[in-house]
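User: I would like to learn how to read cores, helices and sheets in a structure. Could you guide me through the one shown here?

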Amino acid sequence: MIFRPTDAAGHDTMLTGRRILVVEDRYLLAKETDRMLRRLGCEPVGPAADAAGAFALLEREIDGGGGRLDAAVLDIHLGDGETVFPLAEELRRRGVPFLLATGYGSPGIPDAWRAAPRIEKPFAARDLAAALLVLIAAAAPFPRRDAR
Amino acid sequence: MDAPSISRAWPQARGEMAERIRVRNWAATPLGPPETWPQSLRTAIDIALASGFASYVWWGRDLIQFYNDAALAVLRATHPAGLGESAQAAWSEVWEAVGPLVERVLRTGKPVIGEDIPIIAERGGSTATAYFTFCYRALRDDAGAVAGMLVTAIETTGAVRAREALRESEERFAQQLNDARQLQLLSAELISEQDPTALYERFLDAMIAVMRSDAASIQRLNPDANDLELIAWRGFDPASAEFWKLVDLDSASSCGEALRTRKRIIVADIDACPFISGTADLEAYHRSGLRAVQSTPLVSRSGRPLGMISTHWHEPHQPAADDFSRFDILARQAADLIERAQAEEKLRESEERFRTVANLVPDLVWRNDLRSHADWYNRRWLEYTGQTMEEASGEGWLDVLHPDDRAASRMRFRQAVENGEPLAQEHRIRRAADRTYRWFLVRAEPVRDEKGTVVQWVGTATDIHEQRIALDALRESERRQRVLLAELQHRVNNVLAMVRVIAFQTLANAETLDDFHESFEGRLNALARAQHLLVDRDIEEASLSELIEHELTEYGGRLGETVTVDGPDVRLRPRAVQTLVMAVHELTVNAVKYGALSPDAPDGRIAVAWAVEPAGTTIEEAPRLLVRWTESSVPNVAPHPRRRGQGRDLIEEALPHELRGAEVQLEFREVGVRCTFDIPLRSDVGYARSMAISQDDYSGGAE
């Protein structure tokens, strides 16, 4: 067990104030992820139900508003045959780390994305926290002091 | 000395005949004393006496004969009387041949030669025919007229005998040549002629020719009964042939004896043969006028007895060893013929058995050669495919195969034939009756001869159509079950996730445990009802009206009284059902607590109406489903501030999130809540089963 610094609310300081994009086509699941992120001290962006919505958010949150995006949680299958991979490609290009959320016996992941970090649905808040910590630590080795 | 002494002195030559001429009293003959003879006569006699060849002088009208010592060998029988006798008397036996020649010489004065005239001559104390060539030359008298002739004879017996021997040898050679030619002809026919009966006749011809016999017969051995069956004969009395139709070991005939001893039997004289004497066989021989017979057993090249060939003669006869040398060639060929005929008969019987059996089985059966060309099909094949034997033969079987199976089947057959390995495969064959293709299990096996060489192939096709179809159906059903199971698992997971999320979120928004319990149970039930609506049907869809009616009646709404539900038949897919049911549930719960269905609103009404607007002009645009929920006669309408959170989210946010392009408008009006759902009816959302109601009907709700 590694002890990590926590803030007053008991949140891991590494996650506090992190802006996390949520892409999930199922409303209730999206709301649940949203709720978990809030409880972890994060600041959820979205949720977006489809790629178009997600691209719109990217534009508004980063390019337009000058805001930042620390990570993303991406549902792979977005309904109506759409997948999240084009968006993932864009995030990779922008250097935004992301988690692919898989589960429910959904069809396999294409070979090109097998190495991407994943989280199995349904997940608990602590699973999400652990996965995000790994993701953010790998992307930025030094804790962000300014976020505290 | 006087004249008599002179006469006694002529002729002066030595030897018996000179002496006899000298001492003969010629004066007592018509010729008169020698002194009176013409000089030409006396000179001719002198020449004759001096000659080493048999020579004769015939003189005068009567052709009085003189001859020399050499002529004695020829003339022994008429000597010495022949001296001074007329030539005609001395040669009376041959005068018929000689007379005309003599006549000609006397008439023409030219010499004539009579060749090889047979004379009975004495030879070493016995008489024998000898041959002489006579030369007749005219003798003239002193006046120059033809008055007699000088005849010289040369024996040609040796030459004549040699010529005869040569001729006989030539004849024999010609005969042998003819025999050989006949044998050769027979050999050729053995190869080309297929009808054994015709061949047996040719054999009889050849046997009679080679043995110079008067009759001949061919018999076949029946191995089981060990008797000889007469299969061809020539020169028999029909009654004899009937008598010898079957000859067994007990028979007194030559062939019976040959059968017993397994050796050639020659009976040179039937009447003198001990084993035939006094039997019924003797009568049979006599009836056909036969006095001699030989029977030669026929054996296969492996030594198995096959039958008998015999030749018969009308006279007692001992055939020459030379004749048998050719006859044995015939015997060899006859044995081969009978063996072949037996083999063919066996083959024919086996062939008939095969066809009988092949025609009995319910399978389709055929036979292939080594190029996988079929030469025979059973009746079932012809009936099933409607082909004639000619149509099906060769590669005609391909015509009735399913076009998709032809190339593969043809290749696999060829491979099997090439490798000599049995074949088992399935392909479709067309049934003539209804021109449908049915599945068959097809097997082909090579048929080998005693040496193990593949000589042909036999194939069968068994109708496995029903089994194959059943198996395919079973596989398909298994596949569908697997899909369904995966689908079920997916749905269960999905539902569990929903329940989990609903629980967490309800909990997060509940103020008391009762509060949670009530909300959670309500939402769970709504979800269960939606699930029930979906599962009730074969296809995963639910009717919009049922969905709304179930929700309203569940909470005490009375259809047609406090609530009205009206709209075209719209079917929704699972995702839309789940989302819409939650929204309608929240609306209903809100109505029960604060709106048209609450105790505070005794006259409250809820009207739910919907319409489907046709697709727009662009292809991307889907028809739109417009659902309007209208509450009326509700006093003191105000959204409960505490309830505003989650309930409103489920109504206002969930739908646009889940159903792309959907819009929700929630209004809190004085007379009650009004909510409008505007949902693009894409194929993954749902579809209208009937025409949309008019805009008037839709907007004219229960307001």
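This is a predicted model: local features need pLDDT of at least 70, side-chain atom pairs count only at pLDDT 80 or more; totals for chains, interfaces and linings use all residues.

The dialogue below takes up the cores, a helix, a loop residue and the sheets in turn.

User: Which residues of the largest nonpolar core touch the most other members?

Analyst: They are A72(A) and L74(A). The element that gives the most to this core, however, is in chain B: helix α19, residues 574-594, with nine residues.

User: With which residues is A72(A) in contact, leaving aside its neighbours within four places in sequence?

Analyst: The contacts of A72(A) are I20(A), L21(A), V23(A), L91(A), V96(A) and F98(A).

User: How many residues of each chain are in contact with the other chain?

Analyst: In chain A there are 14 such residues, and in chain B there are 20. On the chain A side, seven are nonpolar, six charged and one polar.

User: Which residues are buried in helix α18 of chain B, and where do they fall around the axis?

Analyst: Helix α18(B) spans residues 544-554, and its buried residues are L544(B), L547(B), I548(B), E551(B) and L552(B). Viewed down the axis of α18(B), the buried residues fall within an arc of 120 degrees, so they line one face of the helix. Among the elements that cover them are α17, β18, α19 and β20 of chain B. Just after α18(B), G556(B) has a positive phi of about 90 degrees.

User: Is F236(B) buried or exposed?

Analyst: F236(B) belongs to the loop between β7 and α9 of chain B. F236(B) has 22 other C-beta atoms within 10 Å, and because 20 or more make a residue buried, F236(B) is buried. Leaving out residues up to four places away in sequence, F236(B) touches A215(B), A241(B) and S288(B). The C-alpha atoms of F236(B) and D214(B) are 9.2 Å apart, with the two residues 22 apart in sequence.

User: Let us turn to strands. How many bridges join β6 to β7 of chain B?

Analyst: Strands of a sheet pair through backbone hydrogen bonds, either parallel or antiparallel. In this case β6(B), residues 215-222, and β7(B), residues 227-234, run antiparallel and are joined by seven bridges. Across this pair, S217(B) stands opposite W233(B). The hairpin has four residues between the strands, and N226(B) takes a positive phi near 50 degrees there. Strand β7(B) is also joined to β8(B), antiparallel, by two bridges, with L228(B) partnered by V247(B).

User: In what order do the five strands of the open sheet in chain B lie?

Analyst: The order is β13-β12-β16-β15-β14, with antiparallel pairing. From one strand to the next the twist averages 30 degrees. Strand β14(B) is joined to β15(B), residues 436-448, by nine bridges; within this pairing, R428(B) has W439(B) as its bridge partner.

User: Which helix packs on the sheet?

Analyst: Helix α15 of chain B, residues 403-419, packs on the sheet and touches β14, β15 and β16 of chain B. The direction of α15(B) makes about 140 degrees with that of β14(B).

Conventions:
Residues are numbered from 1 along each chain as its sequence is written. Chains are lettered from A and ligands numbered from 1 in the order in which they are written. A nonpolar core is a set of buried Ala, Val, Leu, Ile, Met, Phe, Trp, Tyr and Cys residues joined through C-beta atoms within 7 Å. A residue is buried if 20 or more other C-beta atoms lie within 10 Å of its own, exposed if 12 or fewer, and partly exposed in between; C-beta atoms are placed from the backbone. Two residues are in contact if their C-beta atoms, placed from the backbone, lie within 7 Å. Ala, Val, Leu, Ile, Met, Phe, Trp, Tyr, Cys and Pro count as nonpolar, Asp, Glu, Lys and Arg as charged, and the others, Gly among them, as polar. The arc is that of the directions from the helix axis to the C-beta atoms. Two strands pair if DSSP finds at least two bridges between them. Axes are lines fitted to C-alpha atoms, for helices over the stretch in contact, and angles run from 0 to 180 degrees between N-to-C directions.
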